[in-house]
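Please take a careful look at the model below before reading on.

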Amino acid sequence: MWLGICFRQIWAKVVISGLNWRWLLAFTAVPCFLLLPFFGITPESPRYLCAQNRMSDATLVLERISKTNQAALPPGILTYNRGIEVDQSAPTCEIDHLLPVREKECTDDNAMSSKSGSLAALRSLLSRNLRRSTLLLWFVFYANSFAYYGLVLLTSQLSDANRSCASGLRYVKSEQDASLYKDTFITSFAEIPGLLVSAVLVEWLGRKATMWCLLFTCCGFLGPLVFHQSEIWTTGLLFGARACAMGSFTVLCLYAPEVYPTSVRSTGVGIATAIGRIGGIVCPLVAVGMLRSCHQMEAIIVFEVVLCLAAIACMLFPVETKGRDMN
């Protein structure tokens, strides 16, 4: 991912200098078409195949997986039981529904039919047992996307806003500014240390602590940008903030599938990811609109508030998944 982001900065400088942004979008869309053939050879989920009564196909996928991992499948015949239900009248805590242990199967696959599986999964996500985790995940995904894509935009918008607002002139486009591509290229490399730091901390501190530590650290890097800084300081602070945002987002993508039981895992993660994209859509209103209006302090404060609330939300997650078995 980060290789593609870094390459895009170099490609943008080459294309826009000779053509325009429309050609850049066209060229960057070409790799997407190259991915299409791979969807045909990607194996389907064995659980989905079992739910569709395609047991032989599920067995073939599992045999291919076992062969790749050089491990033997357990003896016996593959079966799929739809009749296991959860006793909703029994006293349970949210942790029991998020991370059922092997001895206690807390799934309701009977409700997950092919006709109403998605609606049943959505109702489960908003049920009393999962509502807290679901709503917190939705907000943290929203905040992480808001912060990450906002930081990408801030790299270019802060330098332009500093020049235009300091001179008293209205915002002027500066695609030809070489420093713009240089700063964007440098901050793109921040994702490498962000991934490395998150990989170390997630096994040391756990998922929850790693996320809120990185989010608070991201706030610390953004704090000085409330006031106008030099180009070097601005690039360095955005480098650190983007590294923390990338690390937090990576751990969140690891944490989200771990908190849901199998019956609602794909639906829960999919909806949370979609809500996160809304944050990416909204962030230009702050990162671009407010900065072009010379409201740098207000824009940075908005990012600080969103990140702090997301860090608090991470503290409120009901369960730490480090070292826990998935259902």
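This is a predicted model: local features need pLDDT of at least 70, side-chain atom pairs count only at pLDDT 80 or more; totals for chains, interfaces and linings use all residues.

Residues are numbered from 1 along each chain as its sequence is written, and side-chain values use heavy atoms, with hydrogens and water left out. The protein chain has 13 helices and 0 strands, where helices (H or I, at least four residues) and strands (E, at least two) are DSSP runs numbered from the N terminus. Of its 327 residues, 41% count as buried; buried means under 20% relative accessible area, exposed means over 50%, and partly exposed lies in between, with a 1.4 Å probe and protein chains only.

**Salt bridges**

- The structure holds 4 salt bridges, a salt bridge being a side-chain nitrogen of Lys or Arg within 4 Å of a carboxyl oxygen of Asp or Glu.
- Arg207 forms a salt bridge with Glu258, and the closest N and O atoms of the two are 3.0 Å apart.
- This pair also links distant parts of the chain, since Arg207 is in helix α10 (residues 207–222) and Glu258 is in helix α11, 51 residues apart.
- Arg207 and Glu258 are both buried, and salt bridges that share partners join Glu203, Arg207 and Glu258 into one network.

**A polar contact at Glu258**

- Which side chain does Thr321 meet in a polar contact? The partner of Thr321 is the side chain of Glu258, at 2.5 Å.
- A polar contact is a pair of N or O atoms within 3.5 Å; within protein, one must be able to donate a hydrogen and the other to accept it, and residues adjacent in sequence count only if both atoms are side-chain atoms.
- Thr321 is found in the segment after α13 (296–315), and Thr321 is buried, with a relative accessible area of 3%.

- Helix α13 has 20 residues and reaches 29 Å from its first C-alpha to its last, close to the 28 Å expected at 1.5 Å a residue; the expected span is 1.5 Å times one less than the number of residues.
- The buried residues of α13 include Ile300, Phe303, Leu307 and Ala310.
- A nonpolar surface patch of about 860 Å² has among its residues Phe139, Phe216, Phe227 and Ile301, and the largest share of this patch, 6 residues, comes from α13.
- Patches are made of residues with over 30% relative accessible area and no salt bridge, with like charges joined within 9 Å and nonpolar side chains (Val, Leu, Ile, Met, Phe, Trp, Tyr) joined within 5 Å; accessible areas come from the Shrake-Rupley method with a 1.4 Å probe, and for residues only the protein chains shown count as cover.
- Ile301 lies in helix α13 and counts as partly exposed, at 40% relative accessibility.

**Cysteines**

- A search of the whole structure finds 0 disulfides, a disulfide being counted as a pair of cysteine sulfur atoms within 2.5 Å.
- Cys244 is in no disulfide, and the nearest cysteine sulfur, that of Cys218, is 5.8 Å away.
- Is Cys244 buried or exposed? Cys244 is buried, with a relative accessible area of 7%, whereas Cys213 counts as partly exposed at 23%.

**Positive phi in two loops**

- Asn53 has a phi near 60°, a positive value in a residue other than glycine; Asn53 sits in the loop between α3 (46–51) and α4 (55–68) and is exposed, with a relative accessible area of 61%.
- Gln70, which is not a glycine, has a positive phi of about 55°; Gln70 is placed in the loop between α4 and α5 (94–98) and counts as exposed at 76% relative accessibility.
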